[in-house]
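This report describes selected parts of one model. The sequence and structure are shown first, and the notes follow.

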Amino acid sequence: MLVGVPQFGELDERDRRLMRLAEALGVVCQAVPLEAAADPASYLKQRVPEDCTCLVIHPRVFARWLKGRPLDRGATRKMVSGFTHVLVHGLRADDFDNALVGALSGGSAKIEPMGNPLSQYAVSLHAGPMAEAFAGETFGPVNSQNDRVIRFAPLALTVEELILIDDRPFMARTRMGDTEVFFIAGDDVADLDRVIDVVEVEAHFSRLLPHAMVLRHAAGAECWRPVNQYASLVIDDPLLRMKYGYLNYEHALAQAKQWNFHIVTAFIPLNYRRSSADAARIFRENADRLSICVHGNDHAHYEFASTDTGFLNASYRSAIWRTQQHFKLTGVRCDPVMVFPLEGYSEAAMRTAKLNNLEAVVCSTTRPMELKTGVTLGELCRPAVVRYGGFPLFLRNSVAQMRRFDVAFRLFFGRPILIGEHHDIFKQTDRLLELVRTINSMAPKIHWANLATVTAGSMLVRKANGKEHVRGHARTLNPAALEESENPRVVEWAGFGDADLLKAVEIDGKPASAFTVPGPEDRIAVEVPAGARQAALVYRSSPEAVPATGLRWRATMMAKRRLSEFRDNYLSKNERILASAKAIQRRILNP
Ligand SMILES: [Zn+2]
């Protein structure tokens, strides 16, 4: 399967962006240079490669190529016959585009600009499998600069309205013989290379999702798609005691069981000797609902924003050692997934995490503290960001930041739904439980799980050259989470770098022979036999010396920690005292 993108003269910028999107989805695309021809329909069919099954029609390119004279219906039908899919994008309200859409839809059509900038998108249930979790959703406002609607003549071929704005199709499908023809009435295509840091789904939707939906639909199993859906609620800081601030583990567990969700306590390693026996028991006995992960080491002020690799190494080793001691004392296993205290980290902290063989990082901030620019839109359209130190950063958001279409966006691109909160979300659980119900209704098969399961399982799959390819992001991947297969799979990690520091690639704990794959990112791949449970990258530990952390430092950290706990347990429950405590703090900080 190949997508052919006609070009006349320079490749059009919108088509370039569309090709970039296709490439990110794993869809093979090729530009098809055109020259003026006496019989354009036959000429175009000769020019496209033989394995091209999807044709892109950008009216601006076709208008230049055809010198503004649209093809009649017969020639249009001849041109698109033989393609399984045709994608018409970049529509404007003008005569050429009207004639083109009319010819392709078997009637007449008129592209109209948007009247009301406050209008909403309504994704039709007809869009079903293509639109995935977006099907049936209504949200907005629309992008009135970019979006138009199509008014089809009543006698047009059967037109399926897939995305509507004010009851008029913004995206529609029709069939011409065996060809499915898609129309997207938007001017532009989103630029995946644009630095944005945060996806405002409603602002990007019409320039990104409809195109991605059509490309994925046309490419079928040959493009990257998520296979499993995961979610987790991460609560930062609590001690493993039955009660911490507003969090009461017994009540929270009952809610997690009743409403189907999983609570991860982001556990401060400094507290490794302070867990209570009854809280440890409730974690051990309900591992499917409660788990812990690593939250800093001392939880000192931005400790992982340090750029001193010696200090970072020492911190990771101390954190790992403490969580191991905690396991010996309590039997509660700690997932080697890091949630940075105060969401602050350096690029060095990401790389050092990798070299200490942690699995992944979960955080809400998209960039290290020392960097001015962050991630691109394209990086937010994959399960994890791997640009910092070649280590996976899985992004999380608070309950308030997670709206229905944010959930749909994450599910579409295989990003796990990670919610980050503190104990006070349990003060009034209505908003939390409403979000849990939303997630579970939009994704009935979603797995709520601990962070090791979530990060290892967030994989994309595609079929190419008769093989199943799996792309993962965490250090350890879990092919056993995929559908059973009798054939070996190729499992790959993209963007990991530091291949010289890689000690081994292991399958179920045994070294396997890996290979690198050429491409825009460093990719390490390994063929995994059927039935294998785990594939993992194993790094050599860092050579830097480990500075000793003195007793006085530890005592200071513990004193600070106890002050924070006092705030969570007592002050936060009395808002008046908390307000005056904050005021005093402000006065001290800003005299
Ligand atoms: Zn914290």
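## The sheet

Two strands pair if DSSP finds at least two bridges between them. Strands (E, at least two residues) and helices (H or I, at least four) are DSSP runs, numbered from the N terminus. In this predicted model, six strands make up an open sheet with mixed pairing, ordered 12-23-24-26-30-29. Strand 12 (225–226) and strand 29 (514–517) are the edge strands, each pairing on one side only.

Strand 24 (residues 467–472) and strand 26 (residues 489–494) run parallel and are joined by five bridges. Opposite Gly472 stands Trp493 in strand 26.

## Two packed helices

Helix 12 (residues 404–413) packs against helix 13 (residues 430–442) at an angle of about 45 degrees, and their axes are 10 Å apart. Axes are lines fitted to C-alpha atoms, for helices over the stretch in contact, and angles run from 0 to 180 degrees between N-to-C directions. Helix 12 is therefore oblique to helix 13; angles under 35 degrees count as roughly parallel, over 145 as roughly antiparallel, 65 to 115 as roughly perpendicular and the rest as oblique.

Arg404, Val407, Ala408 and Leu411 of helix 12 make the contact with Thr438, Ile439 and Met442 of helix 13. Residues are in contact if their C-beta atoms, placed from the backbone, lie within 7 Å.

## Confidence and conventions

The chain has a mean pLDDT (the predictor's confidence in each residue, from 0 to 100) of 91, and 93% of its residues reach 70 or more. Over residues 587–591, pLDDT stays under 50, and the model has zero contacts beyond four places in sequence for them.

Residues are numbered from 1 along each chain as its sequence is written. Because the model is predicted, local features need pLDDT of at least 70 and side-chain atom pairs count only at pLDDT 80 or more, while totals for chains, interfaces and linings use all residues.

Definitions and conventions: Two residues are in contact if their C-beta atoms, placed from the backbone, lie within 7 Å.
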